[in-house]
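Q: Please walk me through how to read helix packing and salt bridges in a model like this one.

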Amino acid sequence: MSQSPGTNSEDGSKTTENESVAVDSVIDFKGKHFGLETTSEDSDDHLVSGSEGTMIDVERFCHADYRIEQYAHSVLDFSSQYGINLSISYTAPNITGRPSKYPEYGDFPQTFAMRTYGDWWDRAPSRIKEMQPQNVAEIPAEDFIDKEFYTKPLHNLSRARRFTPPLKRIQLPTKTIRLEFNHQRLHYYTEIDAVLLSGKKFNTRNMQHLLDYYERQRKGPILCKLQNMKFRPICRDNYQNRLQHFLMHDLGKFISVLSDVQVQTIQQHQQQQQSLSTDEIKTSEIGLKDMPFEIMLKIFSYLDLKSLFRVGAVSRFLYDVSTHPLLYSELNLKPYWHLVSTELLSTLAKRATILKKLDMSWCGCTVQTISPTEFKKFIQQRGDSLTHLRLNSAKFLNASCIDTLGIVCDNLKELSLRNCSPSPPLLNFSCLANLKNLERLDLFQTVIESDLLLTMLENNPKLKHLNLAFCNVAVNMDDVAQQISKYNKQLISLDMWKAHFLSAQGLLILSNCRNLEEIDFGWCLREASLGDSLKEFLTQCTKLKKLFLAAVRGLTDRDLEFIANLCPNLEQLDLMGVLGLSKERYIDILQKCTKLQLLDLCFCDNIMDYDVALWSRTFKVDIKSCQVPNDFR
């Protein structure tokens, strides 16, 4: 089941901020399976009165005539969260059960908050381009999103609210819902307190009738054509032998009827041709087959994956074009996570003979439709030419799959394994040490052994983008900094957000990476005093465009002076939760960092709302600010 920003389908998701957030969660509800036949838009329009105590829809599925409500029982999966797994603050499980804070408004650790907001991460140097952009919906799927279920968020509401986007209609009972959000319109981090599902209880006694109805929706082309021709083959009660019975007894009748239809079609076509002028006939004879094959490939390159499969069913010529390997050099299966199966992988393996880029993020999350064996086979067939591979939240991965990646995909330049291995680690990534051409490595919220990580850094001197946010607590960031400064001096972006402790010495060591344009030390750099390490780092890394120092409690007014004087290219600065700084230093940064676009001063003291409003108008900077609670000081 898919949903849009913020959630609640009559489902009432309650948030403690002003907008919906971007993340995915797969939520399990208590009780029996129920059919989600009703949404906030469907309501009762398709229902008619039935017998007493029930409601019967047009397909004659029975529901109770009363409504029931259920809160989320458990979280099965998610793609990002603000808190760490070892904590209960701002983590995904907080979305379960009854609301604990709603309708209060404010910042509450007991809620579920996500990693990002707005489009600021898309403006950063570490931003990535979507593979096969024609597959992506108008509202991009940043953390599981489908366009059809997007509801326009409301802005500037300083109050808690509950919202009700429509649910996608499905034809089978389920007790699992996937909530999908988009960040783009979010003003700041938004928190969700609870999810309430409301609807009519499905009558499980009609389960077989429902399954039969679902099977009817899966008719193949032959059955559909028979139905359109009003031809009904005689079928025995044992429907498993329908095809054999049809071939033995009804095939002749079918061919006879089909021949009559074709004769009529030919006669009609001849009559139409006779009525056309000579010029019109010449014009009508020029068709797609007369187009240069290269032009046809160019036209087809704008089609999404679904459309390619559909157009291939039109004719043999279009099939030959739609299955050309050049159209499958990039595969983005992330928008089709709910459709990807072992059978689809087998088909794509035949078409994608020159595959360069593959994105299978989120596939296999809720239903194990992908066999690890089939994925391994796919990689063995097509992985040797891969340069970009994204497997974020890909739950079908096992140790054998990882081994195959390390052995076969030795040409990889990008490897993204976000949220693939929780703590304790379930996967052995040792074979990844074989990769030696990486330029981007994303291990966000993925547990990896410290020695292996250090080996990978040593083996990939061309590395430009490294994400270690939520990295394993056993990994010492000072050791990582030492390895980076020695082997990865071309690094452009480094994310250590909420990674294990980085000392002032580690910060000083990173000053050797002079190409850095983006750095995130949020909740990682926890020294009581940074000394001159930040000054040295900023002096050497003059290309910085993004500097996140959230909750770096060792910052002083002197450090802010260094930021103002040494960061002329700075565009984004995060000082959230930093206390004891004077407002003059903030003004100094705003005056000297003329390219600044974002400044986060939330939970900083010594500033007032009217100061922020004045600075925003004067310097044309988006400044995030909220008051510091008494218990936070």
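This is a predicted model: local features need pLDDT of at least 70, side-chain atom pairs count only at pLDDT 80 or more; totals for chains, interfaces and linings use all residues.

Q: Which residues make the contact?
A: H14 contributes Leu534, Lys535, Leu538 and Thr539. From H15 come Asp559, Phe562, Ile563 and Leu566.

Q: How do the residues of the contact of H14 with H15 divide into nonpolar, polar and charged?
A: The contact has 5 nonpolar residues, 1 polar residue and 2 charged ones.

Q: What does the salt bridge of lysine 357 with glutamate 330 tie together?
A: The closest N and O atoms of lysine 357 and glutamate 330 are 3.8 Å apart. Lysine 357 belongs to strand E12 (residues 357-359) and glutamate 330 to strand E11 (residues 330-332), so the pair ties together parts that are 27 residues apart in sequence. Lysine 357 counts as partly exposed because its relative accessibility is 27%; glutamate 330, at 26%, also counts as partly exposed.

Q: Which residue forms a salt bridge with arginine 558, and where in the chain do the two lie?
A: The partner of arginine 558 is aspartate 532, with 2.6 Å between the closest N and O atoms. This pair links distant parts of the chain, 26 residues apart: arginine 558 is in helix H15 (residues 557-566), and aspartate 532 is in the loop between strand E18 (518-520) and helix H14 (533-540). Arginine 558 is partly exposed at 40% relative accessible area, and aspartate 532 is partly exposed at 44%.

Q: How many residues apart in helix H16 are lysine 592 and aspartate 588?
A: They are 4 residues apart in helix H16 (residues 583-592), which means a separation of about one helical turn. Lysine 592 and aspartate 588 form a salt bridge whose closest N and O atoms are 3.4 Å apart.

Q: Is aspartate 588 buried or exposed?
A: Aspartate 588 is buried because its relative accessible area is 11%, and buried means under 20%. Lysine 592, by contrast, is partly exposed at 40%.

Methods
Residues are numbered from 1 along each chain as its sequence is written. Side-chain values use heavy atoms; hydrogens and water are left out. A salt bridge is a side-chain nitrogen of Lys or Arg within 4 Å of a carboxyl oxygen of Asp or Glu. Buried means under 20% relative accessible area, exposed over 50%, partly exposed in between (1.4 Å probe, protein chains only). Contact means heavy atoms within 4.5 Å. Ala, Val, Leu, Ile, Met, Phe, Trp, Tyr, Cys and Pro count as nonpolar, Asp, Glu, Lys and Arg as charged, and the others, Gly among them, as polar.
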